Amino acid sequence: MEIKLVSRDDAELLSKFYTDNADHLNPWEPNRDPNYHSYESWVSRVNDRVQVQEKGLSAYFIMLSPASKEVVSVCNLTGIMYGYFQACYMGYAIGKEHEGKGYMKKLCLHAIQYAFSNLKLNRIMANHMPRNTRSEVLLKSLGFTREGLAKRYIFINGQWEDHVLNAIVNA
């Protein structure tokens, strides 16, 4: 599998990934405008992401299948803060047909290494809904520690969802 930072050439790949996996990812995502994952929307979104990525304020990784050159999974480091905090949030998604094969863990490990080595961050936070046991298992396997529970944390699918707060620190 190939891992790379998102570039301006990836809008079509990301549009296809999210469109193909809409039903699979829907339980974990906010409600979106019907055109949110259109190619045109992704062109704009990727341009914005590349700009903040170039400033060191985010890092958007994709894992591509070497055979099909399609996106298998994504992992994003966002909200990067420097100074006294030196932290970010990590989010991720994997295509339905690729679950359970270790790809998500491989991509997240790459992003964690990048955050600690390249960006020199001290802390990565990643949160999940309590019923998302796959994310819970993934984060534990990556070395994240549960730090608490945030009630009514994010508005997902038309309702406020609690989230388990997790973090890993640079040792």
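The chat below covers the sheet, its strands and the helices across it.

A: Ground rules: this is a predicted model, where local features need pLDDT of at least 70, side-chain atom pairs count only at pLDDT 80 or more, and totals for chains, interfaces and linings use all residues. Residues are numbered from 1 along each chain as its sequence is written, and side-chain values use heavy atoms, with hydrogens and water left out.

Q: What is the strand order in the open sheet?
A: β1-β2-β3-β4-β5-β7-β6, 7 strands with mixed pairing. Strands (E, at least two residues) and helices (H or I, at least four) are DSSP runs, numbered from the N terminus. Two strands pair if DSSP finds at least two bridges between them.

Q: Which strands stand at the edges?
A: β1 and β6 (145-156). Each has a single partner strand, so one side of each lacks a neighbour in the sheet.

Q: How many bridges join β2 to β3?
A: 6, and the two run antiparallel. M63 stands opposite S73 in β3. In their hairpin, K69 takes a positive phi near 60°.

Q: Switching to helices. Where does α1 lie?
A: Across β2, β3 and β4, at about 105° to β3. Axes are lines fitted to C-alpha atoms, for helices over the stretch in contact (heavy atoms within 4.5 Å), and angles run from 0 to 180 degrees between N-to-C directions.
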